[in-house]
Amino acid sequence: MFESLKKENQDLLKQLNKTGDVQKFPKSVYDRLSLEQDELEARLVEANKKLTKLREIFKKESLKFNQIIYKLLGFKIEFQSQTRIKIISKFLKNEEYLVFDIVDNGNKNNFKLKINFQDCKILPSNESQIHQLAKKWLNEDQEIIPCFLSALNLEWVN
C-alpha cells in the first residue's frame, strides 16, 4: 500500500510539472483506490464470516442453556419480547403456560418479574392452584419466584 501511494504521488507531481493541470488523474491513483477497495472488501468478508460464526455459536449455546434449564428446573423459557417471557412446565400436557412481565426498576441490573395472569394460558382446573401459590410466594412482602415455580411443578407432577 505504501509503495502504491509513493508511485501515485510521483505520477501526480509529474503531471503537475508537465501540464500544470491536475484535472485528469494518473492510472496509479485508480490502481491504488482499486487496491484499497479490494482490501476493504476482503476485510468485510472476514468480518461477516466472524459474525456468522458468532451467531451460530450463540444460537447453539442458548439452545443448550435452555435445555439445561428445562432438565434442571422443569420449565422451558421463551422470550416473547424484551419485556415478556413465557414459561412452560414440563408437567403440563395441555399447552398451558405462564407469562411474566419484566418490570424495570430504573436500575439496569435490578428488575422484577411480575406474573401476567391475563396473558397466561391455564386450564380452569389449574387456575385456583396457581392463584393460591402466587398469593403465597409472589406478594409485596416477598417475591420468591423459584419457590413459586417449584411449588407449581410439585402440584403438577402427579
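These are my notebook entries on a predicted model of one protein chain.

**Ground rules.** I number residues from 1 along each chain as its sequence is written. The model is predicted, so local features need pLDDT of at least 70, side-chain atom pairs count only at pLDDT 80 or more, totals for chains, interfaces and linings use all residues, and side-chain values use heavy atoms, with hydrogens and water left out.

**Entry 1: overall layout.** I looked up the elements first. The protein chain has four helices and four strands. I take these as DSSP runs, numbered from the N terminus: helices are H or I with at least four residues, strands are E with at least two. From the N terminus on, the order is α-α-β-β-β-β-α-α. Of the 158 residues, 23% are buried, meaning under 20% relative accessible area with a 1.4 Å probe, protein chains only.

**Entry 2: the annotated stretch.** UniProt, in an unreviewed entry, marks residues 30-57 as "coiled-coil region". Such annotations may be inferred rather than shown by experiment. In the model, residues 30-57 are 100% helix and 0% strand. The end C-alpha atoms of that stretch are 41 Å apart.

**Entry 3: the largest pocket.** I searched a 1 Å grid over the protein atoms alone; a pocket is an open set of points with protein on both sides within 12 Å along at least five of seven lines, and lining residues have an atom within 4 Å of a point. The largest pocket holds about 230 Å³ of space. Its lining has 15 residues, and Ile-69, Leu-73, Ile-77, Ile-87 and Leu-149 are the closest to its centre. Helix α4 (145-156) is one of the elements that supply at least two lining residues. With four residues, α4 gives the most. Domain 1 (33-73) and domain 2 (75-157) each give at least three; the bounds come from an automatic or database assignment.

**Entry 4: the largest cavity.** A cavity is a set of grid points where a 1.4 Å probe fits but cannot get out. I find one cavity of 30 Å³ or more. The largest has a volume of about 40 Å³. Its lining includes Phe-75, Leu-92, Glu-96, Lys-121 and Trp-156. The classes here are eight nonpolar, one polar and two charged.

**Entry 5: Asn-126.** Is Asn-126 buried or exposed? Asn-126 is buried, with a relative accessible area of 11%. This residue sits in helix α3 (residues 124-137). Leaving aside neighbours within four places in sequence, Asn-126 is in contact with Leu-92, Glu-96 and Trp-156. Contact means heavy atoms within 4.5 Å. I note that Leu-92, Glu-96 and Trp-156 also line the largest cavity.

Key: Points joined across faces, edges and corners; volume = space filled by probe spheres on them. Buried < 20%, exposed > 50% of the residue type's maximum accessible area, 1.4 Å probe, protein only. Nonpolar A, V, L, I, M, F, W, Y, C, P; charged D, E, K, R; others polar.
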